[in-house]
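Me: I would like to learn how to read single features of a structure, one after another, and then step back to the whole. Could we work through an example together?

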Amino acid sequence: MVSPVPDLQTLQNFYRNQLHEGDRAFHDWYRFILSFPPHLVRAYIDQFGLTADAMILDPFCGTGTTLVEAKKCGIPAMGIEANPMAHFASQTKNYWQLTPERVMAGVDRVLAQAIAEPVTQDLLRFTPEQEALLLKNSICDRPLHQCLLLANAIAELPDPLVQNLCKLALADVAVQTASNLKFGPEVGIRRTKVEDADVLAAWQLKVTEMAADLGQVQGQAMAITRCDRGDARRLSLACAPESIDAVITSPPYPNEKDYTRTTRLESVLLGFLRNQQDLRHLKQSLLRSNTRNVFSADQDDAWIAENPNVLEVAAAIEERKHALQKTSGFERLYSRVVTLYFGGMKRHLADLRPILRPGAQLAYVVGDQASFLQVLVRTGELLADVAESLGYEVVSLDLFRTRVSSKTGEHLREEVVRLQWRGGHTHRQNGEESLY
Ligand SMILES: C[S@@+](CC[C@H](N)C(=O)[O-])C[C@H]1O[C@@H](n2cnc3c(N)ncnc32)[C@H](O)[C@@H]1O
């Protein structure tokens with residue numbers, strides 16, 4: 001069957017979210033489906049007129065796109081990320097002090113050890129506890145064996161910084177070369193399984209490319225960029241008062257995507273997720289954005305008790321649920337996800353205020369959603385409304401791209417909510433202090 005030719009809009013949307021060829025260095029060490037493109041970050045660095053004396057924050061920094069782009073532009077930046085795999089990736093992508101020679105010495109050592117491993121009939125495998133964390137058929141036995149051989153050899157490296165680089169390359173290769181995973185945007189399993197990938201060769205190539213990127217920046221003065229593991233809803237302790245000039249970020253969106261599934265295979269492989277308890281802790285540490293990370297003790301919804309626009313959307317979802325007589329456990333939580341999501345974002349924006357310098361400029365990339373019984377959630381507009389209620393000035397809602405909803409076929413807006421913090425009155429409103 002001939003596939004239909006994509007229309008211009010689809011092509012433009014695809015291109016807008018792509019990593020441009022000239023942006024590959026460092027950014028491409030490890031990325032995930034949730035990453036936004038470096039050129040978007042660059043556009044806002046330019047628009048905000050940021051220079052080397054500014055400090056950028058990305059409070060939901062994922063795989064560190066904002067940090068790497070800031071570093072490339074010579075601007076200091078810091079990131080906060082709750083997921084240990086994404087945090088590790090961000091940290092490693094932002095450490096540029098290693099020489100290519102040091103890295104390649106590590107590569108030789110790892111390969112020598114992996115190849116010298118006695119060939120036995122028994123393939124290395126995940127434990128049943130590890131396997132229970134993965135989508136069934138995420139990876140076939142032989143590629144997994146090679147990944148585990150590499151993981152064991154990397155763990156023996158005496159140099160922890162080279163070790164980190166080697167681990168990140170393994171994370172990338174495990175997903176991109178060795179696994180059966182596909183992302184589109186949900187994580188799924190490919191029909192044609194990868195049985196015989198040469199994982200060792202792919203890994204060697206990956207680390208060699210990383211070493212080459214490091215070679216390009218040796219001896220250059222570099223802006224300091226770093227990523228801390230933390231919670232974007234508790235920022236005020238992570239940064240000094242009035243120290244941030246700009247925020248460029250993309251938080252999760254309220255939809256039915258379980259964000260922890262995006263990094264599951266590599267998180268298990270590198271030991272960031274060992275069992276169900278680790279997974280539960282990870283889900284608890286994230287902004288609530290889907291029914292799989294809602295917990296009975298959650299209280300972030302209390303924050304939007306006085307934001308009628310958010311409450312209206314939650315009420316519309318409840319109404320639709322009753323009209324359609326939907327009663328599953330997940331469907332019952334849909335409206336709660338929306339209130340918890342915007343409540344969590346409000347908590348984040350409230351906690352951010354004291355660390356912003358007066359005049360600070362902010363860009364939040366968010367997408368409209370229709371995942372909850374097809375009720376349209378205009379994420380950008382609602383976020384702007386919540387920010388305004390906390391004393392931020394809404395500068396504009398810039399269209400980044402549109403996406404076609406898989407549920408309704410409608411074009412949904414993905415936009416950048418631009419805010420400004422004028423400063424001066426970081427007093428809390430609506431009894432916020434008493435909530436936490
Ligand atoms: C859309 S992704 C960001 C992607 C990023 N811009 C990039 O280019 O890789 C959102 C990120 O927010 C993180 N996150 C979710 N809740 C968080 C929280 N409460 N604090 C910090 N990070 C959080 C998720 O783990 C995810 O990596």
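Me: Is leucine 373 buried or exposed?

Reply: A residue counts as buried when its relative accessible area is under 20%, and leucine 373, with a relative accessible area of 11%, is therefore buried. Keep in mind that this is a predicted model. Leucine 373 has its place in the loop between strand E7 (356-367) and helix H15 (379-389), and its phi is near 55 degrees, a positive value in a residue other than glycine.

Me: How should I read a helix, and which residues of H15 are buried?

Reply: The general idea is that an α-helix has 3.6 residues a turn, so residues three or four places apart point the same way. In H15 the buried residues are Thr379, Gly380, Leu382, Leu383, Ala384, Val386 and Ala387. The cover over these buried residues includes helix H13 (308-323), helix H14 (329-352), E7, E8 and E9. After H15 comes glycine 391, with a positive phi near 100 degrees.

Me: Which residues are buried in helix H3, and what follows that helix?

Reply: In helix H3, which covers residues 38-47, the buried residues are Pro38, His39, Leu40, Val41, Tyr44 and Ile45. Just after H3, glycine 49 takes a positive phi of about 65 degrees.

Me: How do I read a pair of strands, and how do E8 and E9 run?

Reply: As a general idea, in a regular strand the side chains alternate between the two faces of the sheet. Here, strand E8 (residues 393-404) and strand E9 (residues 411-421) run antiparallel and are joined by 10 bridges. One of the residue pairs to look at is arginine 401, whose bridge partner in E9 is glutamate 414. The hairpin of E8 and E9 has six residues between the strands, and within that hairpin glycine 409 takes a positive phi near 80 degrees.

Me: What does glutamate 415 touch, and is it buried or exposed?

Reply: Glutamate 415 lies in strand E9, and at 3% relative accessibility it counts as buried. Not counting residues up to four places away in sequence, glutamate 415 touches Tyr364, Val365, Val366, Asp368, Gly380, Glu381, Leu397, Asp398, Leu399 and Phe400. Among these, Gly380 is also one of the buried residues of H15.

Me: Where does asparagine 94 lie, and with which residues is it in contact?

Reply: Asparagine 94 lies in the loop between helix H5 (84-93) and helix H6 (100-116), and it is buried, with a relative accessible area of 5%. Apart from its neighbours within four places in sequence, asparagine 94 is in contact with Gly64, Leu67, Val68, Lys71 and Thr225.

Me: Stepping back, why can the whole protein be called as compact as a globular protein of its length?

Reply: Its secondary structure comes to 15 helices and nine strands. The radius of gyration is 22 Å, close to the 22 Å that the globule rule gives for 436 residues, so the protein is as compact as a globular protein of that length. Along its principal axes the C-alpha trace spans about 65 × 55 × 50 Å, and 55% of the 436 residues count as buried. Of the contacts with a separation of 6 or more, 77% are made by residues 24 or more positions apart.

Technical notes: Residues are numbered from 1 along each chain as its sequence is written. This is a predicted model: local features need pLDDT of at least 70, side-chain atom pairs count only at pLDDT 80 or more; totals for chains, interfaces and linings use all residues. Side-chain values use heavy atoms; hydrogens and water are left out. Helices (H or I, at least four residues) and strands (E, at least two) are DSSP runs, numbered from the N terminus. The radius of gyration is taken over C-alpha atoms; the globule rule is 2.2 Å times the number of residues to the power 0.38. Buried means under 20% relative accessible area, exposed over 50%, partly exposed in between (1.4 Å probe, protein chains only). Contact means heavy atoms within 4.5 Å. Two strands pair if DSSP finds at least two bridges between them.
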